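Hi,

Here is the structure I promised to pass on. Have a look, and then read on for what turned up in it.

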Amino acid sequence: MTRILEKHRVAALLGVALLVVPVAASSLLGTPAAQAAAAAPDTLNSTLAQGSFAPIVAVDKPAVVTITTTLKAENASADGVSPFGDDTPFDQQFRDFFGERKAPMPQQRPQEKAEALGSGFVLTSDGYIVTNNHVIDKASTIKVTLDDGTELPAKLVGTDPKSDLAVVKIDSGTPLATIGWGDSDRLRAGDPILAIGNPFGIGTTVTAGIVSARGRDLHSGPYDDFIQIDAPINRGNSGGPLVGLDGKVVGINTAIYSPNGGSVGVGFAIPSDQAEGIVAKLMKNGSIEHGFIGVQIQPVTSDVADAIGLAKPAGALVARVDDGTPAALAGVRPGDVITALGGKAVTSPRDLSRMVADLAPGAREGLTVWRGGADKDLSIVVGTNDAGDNPVVADAGGAPGGDAAQRVPTIGVQLGDLTADLRDSLGLPGGERGAVVEGVNPDKPAADAGLQPGDVILSVNQKPVTSAREAKTAVAEAGKAGRKAVLLLVQRQDEQTFVTVPFAAG
């Protein structure tokens, strides 16, 4: 006997325990799509002014589909892995919502199959359908149920796990109702939206709400730029369209935050302006190779900008360059601030991460960095790395400390030279040079900035230092130059990060 199981996803809206009879066309379709499509904009606006979204629903709903996948039971039960990763801030809430603490079920034979359910929408009249990657992940068969109840087999065209997008194809023999792409970049917080999908397998459902926020980062990968919405979405809504008042797709419903197992009005959708290009590539090639340059990056704060003479806090500060990577070969150095890539301004680490991921491996691009108080133009050949090809934000760690000291009273640290014995005790590479922090005055700025004994200062204001004396001199020069702070590249255990330390008043 085949048992219908729930497919669990920690951070994405996917299927529910499903054994659902397709809903009849007469009960789903409502106003004929052809009549609604012919409605004039004035009529639509008038209807909306009266508080009804019915004209939009009548046009879009026939193009929304239910996607049912068959997969082996062991795959269905292993769905604790989230496309957002297990270290996201919302992980436990996502885990609660998708029921990793499953209800007891009768013992299954190893080869029994399970079904999972999600949503999607028809993009082209010849049957190309957009959904989430997690909806069809590990599927052995894919079935699409149209709004009129017609069930059709589907073939997988392409997937992109990094953006959580996928394309499947059906052959209906007749042209299908479609929904076109909208412009998500024009969305503002407060704009009304509709979410359409099949929550819990009960049938196509429409919910309304507003855009709650833009640019939400769930730390899932290079494409984190989610639209946050308050329209209720639940398990089974994944892959369904988020539409604006023009009836166009402005997002793809993908995830929720839920502390109690149900919708609490905090949902997330992939913006259409991001999805459109990825979907086009999947339709053409069936897969996507994301770009890679090989750096760890962190934000440029106001203190960092002031320390290195940048006019404004923008760009991506390079904390580390991995050996042999495209960035290393291009001459990128720790301490550089990447301000432009391919002629486009880089405003933040997340901005750079998305830009790099969108580049084709092998492409040669111009790269502009801020170094030593001036812009420097480099040329980089983009690489690829399937295991983890995205620039990441560098974080600080911790370590122990050392030897003969010099005092730098302006920031409140005692520094010593990095001797061979110290280098070994700290587990640093043999050629590492710098100044060891031997003591931190708890009443001075260095303590507030988080410096600890055992930290190794590798550079001051983007200039490498090889001794305590050089570090002290560089800090003093920054003070004489009128800087309000110094930018230190700090090695702590096996991590490197930049720390901005303001000068003490007086």
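One term before anything else: buried means under 20% relative accessible area, exposed over 50%, and partly exposed in between, with a 1.4 Å probe and protein chains only. Helices (H or I, at least four residues) and strands (E, at least two) are DSSP runs, numbered from the N terminus.

Please note that this is a predicted model, so local features need pLDDT of at least 70 and side-chain atom pairs count only at pLDDT 80 or more, while totals for chains, interfaces and linings use all residues. Residues are numbered from 1 along each chain as its sequence is written, and side-chain values use heavy atoms, with hydrogens and water left out.

On confidence: pLDDT is the predictor's confidence in each residue, from 0 to 100. The protein chain averages 77, and 75% of the residues score at least 70. Residues 76–110 fall below 50, and residues 387–409 stay under 50 too.

Now helix H14, residues 468–480. Its 13 residues reach 18 Å from first C-alpha to last, close to the 18 Å expected at 1.5 Å a residue (the expected span is 1.5 Å times one less than the number of residues). Ala468, Ala471, Ala474, Val475 and Ala478 are buried in H14. They lie on the same side of H14 because they cover an arc of only 130° around the axis, the arc being that of the directions from the helix axis to the C-beta atoms. Arg469 and Lys480 are exposed on the face turned away from that buried side. Just after H14, Gly482 has a positive phi of about 90°.

Ser467 sits in the loop between strand S24 (463–464) and H14, and is buried at 17% relative accessible area. Its side chain reaches the backbone nitrogen of Glu470 at 3.2 Å. Beyond four places in sequence, Ser467 is in contact (heavy atoms within 4.5 Å) with Asp417, Gly434 and Ala435.

Helix H8 (residues 272–285) is the other one to look at. Buried there are Ser272, Gln274, Ala275, Ile278, Val279 and Leu282. Their arc around the axis is only 140°, which puts them on the same side of H8. They pack against several elements, including strand S5 (151–160) and helix H11 (349–358).

Cheers

Methods: Polar contact = N/O pair within 3.5 Å; in protein donor to acceptor, adjacent residues only side chain to side chain.
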